[in-house]
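Here is a short report on one protein model. Keep the sequence and the 3D view open as you read.

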Amino acid sequence: MSKKANPTSIGLFFIMGFVMGLGGLLVFSARGLFHPMQKDIAYFDASLKGLNPGAPVKYRGVTIGSVQEILIRHNQASNDFSMPVIIAIDKQLAQSKSDQQLQIGSRDKLNELISQGFRARLDAESLVTGVLYVGLEVIPDAPPPEFHQLTPEYHEIPTVPSQAQHLLANLAKFDAKGLSENLNELLVRLNTSLGQLNIVGINAGVTNLLASADHLISTPDLTNSLASLRQTLDEAGPLLKRIDARVDPVADSITNTLYDAQKTLVDLRVGIRNISDLAGPDSALRPELIQTLEQLDNASRSVADLAEFLKRNPNSLLTGTKQPKQQP
């Protein structure tokens with residue numbers, strides 16, 4: 001015969017179960033009760049493999065919430081195949097990371113941030129494991145925001161492709177075959193151009209040019225002209241010093257000396273002109289010789305003018321030249 005159940009024990013069993021259930025509910029919902037959450041939605045045009053509920057939501061690497069739910073479709077057009085992800089931002093946690101009021105949950109503040117480039121994207125916690133998280137950032141020069149919700153149910157954060165998506169997209173656009181064909185064509189054209197060069201003729205031309213230059217440098221005319229030029233300069237030096245340092249009281253003697261100096265300068269100019277004629281038109285020495293000729297011409301004219309002046313005014317050595325009166 002079975003024993004009758006004790007009503008008191010049954011009641012205590014139900015009471016303990018209720019208390020344990022309530023305690024568990026409080027434990028699991030304590031975060032939601034004491035940490036107000038802001039739910040937003042983001043639509044990603046990429047595979048969500050590696051993203052799981054509970055994954056971190058980070059603002060520039062700082063955790064401020066978590067992924068709450070990952071969906072296939074939600075409140076979007078029939079031809080829209082982006083993947084919706086509902087994220088929960090812990091207002092208290094995020095506010096504890098800043099000394100300014102963040103205004104989390106304000107639609108106006110969110111719109112202002114979006115206009116400044118606030119976007120969400122998928123980032124990898126580890127390239128080895130492939131675990132993803134949702135990263136939030138303000139991206140300078142971000143593309144225009146694209147929204148997917150048909151009716152405003154959540155605050156929607158626009159998304160941008162991840163760096164891995166950018167890399168894959170660029171690799172997909174990379175035309176390796178076209179690059180290889182262009183490179184082959186360039187090599188063929190280069191080989192053809194090199195084959196058309198007359199290397200023998202070029203070598204012969206360079207050899208003749210060097211031989212001509214060597215002949216010009218070693219020619220006796222050039223060597224003698226340079227020697228004559230040096231001798232003429234050596235003779236002209238003391239003569240010019242005499243003209244500059246001494247003034248003979250006899251005007252006729254000074255005039256004769258000046259005429260000799262003029263003749264020397266003329267001879268010097270002729271010698272330099274001969275050297276200039278020997279040097280080719282493309283010689284690097286020719287401009288300097290032409291400049292020297294011009295200077296010698298000016299010196300010759302100055303000496304001739306001085307000699308003519310002394311011839312007409314012999315007393316100027318003693319009296320000097322009168323300075324013109326200054327106008328009041």
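Is N52 buried, partly exposed or exposed? The model is predicted, and in it N52 has a relative accessible area of 45%. Buried means under 20%, and exposed means over 50%. N52 is therefore partly exposed, as its 45% falls in between.

Where does N52 sit? Look in the loop between strand 1 (37-44) and strand 2 (56-59). Leaving out residues up to four places away in sequence, N52 touches V67 and I70. I70 is 18 residues from N52 along the chain, yet their C-alpha atoms are separated by 7.4 Å.

An open sheet holds 7 of them, in the order 5-6-2-3-4-1-7. The pairing is mixed. Strand 5 and strand 7 (155-156) stand at the edges. Each has a single partner strand, so one side of each is left without a neighbour in the sheet.

Pick one pair to follow. Strand 1 and strand 4 run in the antiparallel sense, with 8 bridges. For Y43, the bridge partner in strand 4 is P84.

## The nonpolar cores

In soluble globular proteins, nonpolar side chains tend to be buried together. The largest nonpolar core here has 21 residues. Which of its members touch the most others? They are F44, L51, V67, V134 and L136. At least two core residues come from each of these elements: strand 1, strand 3 (62-70), strand 4 (83-90), helix 3 (107-115), strand 5 (118-124) and strand 6 (132-138).

Another core lies apart from the largest one. It has 5 residues, among them I41, Y43, L71 and I86.

## The largest pocket

How much space lies in the largest pocket? The figure is about 600 Å³. The pocket is lined by 24 residues, and Y59, L102, I104, L113 and F118 are the closest to its centre.

Strand 1, strand 3, helix 3 and strand 6 each give two or more residues to this lining. Helix 3 gives the most, with 3 residues. By type, the lining divides into 13 nonpolar, 8 polar and 3 charged residues.

Technical notes. Residues numbered from 1 in each chain as written. Predicted model: local features only at pLDDT ≥ 70, side-chain atom pairs only at ≥ 80, totals over all residues. Heavy atoms only, no water. Helix = DSSP H or I, 4+ residues; strand = E, 2+ residues; numbered from the N terminus. Buried < 20%, exposed > 50% of the residue type's maximum accessible area, 1.4 Å probe, protein only. Contact = heavy atoms within 4.5 Å. Core = buried A, V, L, I, M, F, W, Y, C linked by side-chain atoms within 4.5 Å. 1 Å grid on protein atoms, 1.4 Å probe; cavity = no way out; pocket = protein on both sides within 12 Å on 5 of 7 lines; lining within 4 Å. Points joined across faces, edges and corners; volume = space filled by probe spheres on them. Nonpolar A, V, L, I, M, F, W, Y, C, P; charged D, E, K, R; others polar. Pairing = 2+ DSSP bridges.
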